[in-house]
Amino acid sequence: MKLILKENPNVELTVTIEYPKQSSQLNRIIQKLKSEDKALVGSENGREYKVFMPDIFYIESVDKRTFIYTRDMVFRSEKRLYQLENELKEYDFVKVSRNCLVNINELIHIKALANSRLEAELSNGEKIIVSRTYIPEIKRKVFQEV
């Protein structure tokens, strides 16, 4: 892959991709570019914020409340986890348990645990348990064809 960057202060940011044929690598690049402008609304201390997808580590539902976790902030979402799952299914988020979605771009490694579960460690040091029901999906998303 060849990358060409040209700075021009007189134009709007434009990304042009030339490719010989459609591939999984190309699809991943397109999804990453699309996610750069996508944001969720989160609230904290009565204020609403735009939380951009690349900044999200994981989303968790606790006691019928949904929380969005970034590197150093936690936001509350008015949406239910299943709504966010549907909204984010085309991006790099994967469901790892009944109550948690993880941004796979923040995943450092996964390791096997007892009871056919996995432990996923994120780049901020947090560890998330992957339920056995969701292991095939996380393996498909994380270890997809390179």
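Where is the place of Asp-92? I found Asp-92 in the loop between helix H2 (81-88) and strand S6. A reminder to myself: this is a predicted model.

Then I looked up the surroundings of Asp-92. Leaving out residues up to four places away in sequence, Asp-92 touches Lys-32, Val-102, Asn-103, Ile-104, Asn-105 and Lys-141. With Asn-105 there is also a polar contact of 3.0 Å between the two side chains.

Lys-141 took me on to helix H3, which spans residues 135-142. The buried residues of H3 are Ile-135, Ile-138 and Lys-141. I looked down the axis of H3: these buried residues fall within an arc of 135°, so they line one face of the helix. What covers them includes the strands S6 (93-97), S8 (107-112), S9 (118-122) and S10 (127-130).

I noted an open sheet of 3 strands in the order S8-S9-S10, paired antiparallel. S8 and S10 are at the edges with a single partner strand each, so one side of each has no neighbour in the sheet. On average, neighbouring strands here are turned by 25° against each other, direction ignored.

How many bridges join S9 and S10? I noted 4 bridges, in the antiparallel sense. For Glu-119, the bridge partner in S10 is Ile-129.

Technical notes: Residues numbered from 1 in each chain as written. Predicted model: local features only at pLDDT ≥ 70, side-chain atom pairs only at ≥ 80, totals over all residues. Heavy atoms only, no water. Buried < 20%, exposed > 50% of the residue type's maximum accessible area, 1.4 Å probe, protein only. Helix = DSSP H or I, 4+ residues; strand = E, 2+ residues; numbered from the N terminus. Arc of directions from axis to C-beta. Contact = heavy atoms within 4.5 Å. Pairing = 2+ DSSP bridges. Axes fitted to C-alpha atoms, helices over the stretch in contact; angles between N-to-C directions. Polar contact = N/O pair within 3.5 Å; in protein donor to acceptor, adjacent residues only side chain to side chain.
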